[in-house]
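Visitor: I have a few questions about this model. Can we go through it piece by piece?

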Amino acid sequence: MSVFGHTGVVPFTAITQKPLREAMKIWVYDDLPRRRNKNADHARAIIAAVAMLSESLRLQRPDRGEVPELWGRADIVAYCNRMGHLTAAGKQSASRRLAYTRFVRRVLLRFRTLGLAGPGGVLEGMPVGFAIWPEDMPDEPEDAEAGRDLPEAVMRVLCSHLDRLEEMSNTETRVATELLIDTGRRPDEIYTMAWDCLESDPDGSPVLVYDNHKAYRLGRRLPIGGETAEVIRRQQQRVRDRFPNTEPARLKLLPRPRTNPEGTKTYKDIAVAHRTWVASLPDLVVPVITTEAGTPVTHLVPFDKGY
């Protein structure tokens, strides 16, 4: 049995211990209705994380982890050590290790608040020590993508030619590009945003809500400027005009232009459109300062468009 009975989801059967599997089913049906847009991606990620805990119990306990009341602190240590080993061996990223450990910590706590470890619960007798403590959490991984910002001079040229990009492609490509420039988010975080991704902080300031799929950090909130918020509002209206009969909760902010009659399928990639657009632009030059005879001299040199 899988989460929603369609392909591409993590099956509950990946959790081999029956008590843990039944507890996860209860958790899913408790948690999903409170999720924004009823999106199942969050549940799938957490089931995958708990499946890793299940595998650790199966491999490292003589009873294969079938009896919750026998679980203990040693099993948590074994799980954390195994996650560290898989990361060191290159079998999973540091970001996934951190995300999965966070998920397991949260789920084990929720099991208790749901009463699943109490008398008559599917995890009856699960010891208090079977929990992820703060000291068990791995360190935040370093950002491997730092230092890749385009020079300011190049950004000015690109921004001044956004109309041309829209003429050569479509409005969704332009909006995606503007949001990439304004927010600094990864492309997949922009492409997959829900239609109702714009919210407000208590003081009324606009906030972008997005999913960081790479690190399994969903529902992230990013403060944005008024101009960026206006770009989103215009795109929201455009999408509603195109798909008036689709419930807003099912819509995407950047719906795929083809084979997408209800506006529920996400934009895939704008890389090809970007390359064609950039290739059509005038030569991009950036200032480079050199020293000649002890005096700083600024030269304008071509910028590699393949960057």
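Visitor: Trp71 and Phe130, buried or exposed?

Guide: Both Trp71 and Phe130 are buried, where buried means under 20% relative accessible area, exposed means over 50%, and partly exposed is in between (1.4 Å probe, protein chains only). This is a predicted model, in which local features need pLDDT of at least 70 and side-chain atom pairs count only at pLDDT 80 or more, while totals for chains, interfaces and linings use all residues. Residues are numbered from 1 along each chain as its sequence is written, and side-chain values use heavy atoms, with hydrogens and water left out.

Visitor: How many aromatic pairs are there in the whole structure?

Guide: The search finds two aromatic pairs. Rings of Phe, Tyr and Trp (its six-membered ring) pair if their centres lie within 6.5 Å; planes under 30 degrees apart count as stacked, over 60 as edge-to-face and the rest as tilted. Trp71 and Phe130 form a tilted pair, with 4.9 Å centre to centre and 40° between the planes.

Visitor: Where do Trp71 and Phe130 lie?

Guide: Trp71 lies in the loop between α2 (41-60) and α3 (73-88), and Phe130 in the loop between α4 (94-113) and α5 (152-160), so the pair ties together parts that are 59 residues apart in sequence. Helices (H or I, at least four residues) and strands (E, at least two) are DSSP runs, numbered from the N terminus.

Visitor: And Tyr191 with Tyr267, why is that pair tilted?

Guide: The ring centres of Tyr191 and Tyr267 are 6.5 Å apart and the planes are at 45°, so the pair is tilted. This pair links distant parts of the chain, 76 residues apart: Tyr191 is in helix α8 (residues 187-191) and Tyr267 in the loop between α9 and α10. Tyr191 and Tyr267 are buried.

Visitor: Switching to charges. How many salt bridges?

Guide: The whole structure has 18 salt bridges, each being a side-chain nitrogen of Lys or Arg within 4 Å of a carboxyl oxygen of Asp or Glu. One of them joins Glu55 and Arg58, whose closest N and O atoms are 4.0 Å apart.

Visitor: How are Glu55 and Arg58 placed in helix α2?

Guide: They are three residues apart in helix α2, so about one helical turn separates Glu55 from Arg58. Glu55 is partly exposed at 26% relative accessibility, and Arg58 is partly exposed at 26%.

Visitor: What about Asp63 and Arg61?

Guide: Asp63 and Arg61 form a salt bridge with closest N and O atoms 2.8 Å apart. Asp63 counts as partly exposed at 23% relative accessibility, whereas Arg61 is buried at 17%.

Visitor: Which residues are linked in a network of salt bridges?

Guide: Asp163, Glu166, Arg174 and Glu178 are linked that way. Arg174 is buried, with a relative accessible area of 17%, and Glu166 is partly exposed at 27%.

Visitor: What else is around Arg21?

Guide: Arg21 sits in helix α1 (residues 18-31). A polar atom of the Arg21 side chain lies 3.3 Å from the backbone oxygen of Thr16. Leaving aside neighbours within four places in sequence, Arg21 is in contact (heavy atoms within 4.5 Å) with Phe12, Thr13, Ile15 and Thr16.

Visitor: Two more spots. Where is Glu247?

Guide: Glu247 is in the loop between α9 (226-242) and α10 (271-280). Glu247 is exposed, with a relative accessible area of 53%. Its C-alpha atom is 9.6 Å from that of Thr264, 17 residues apart along the chain.

Visitor: And Val209, buried or exposed?

Guide: Val209 is buried, with a relative accessible area of 7%. Val209 belongs to strand β2 (residues 206-212). The C-alpha atoms of Val209 and Asp196 are separated by 8.4 Å, with the two residues 13 apart along the chain.

Methods:
Polar contact = N/O pair within 3.5 Å; in protein donor to acceptor, adjacent residues only side chain to side chain.
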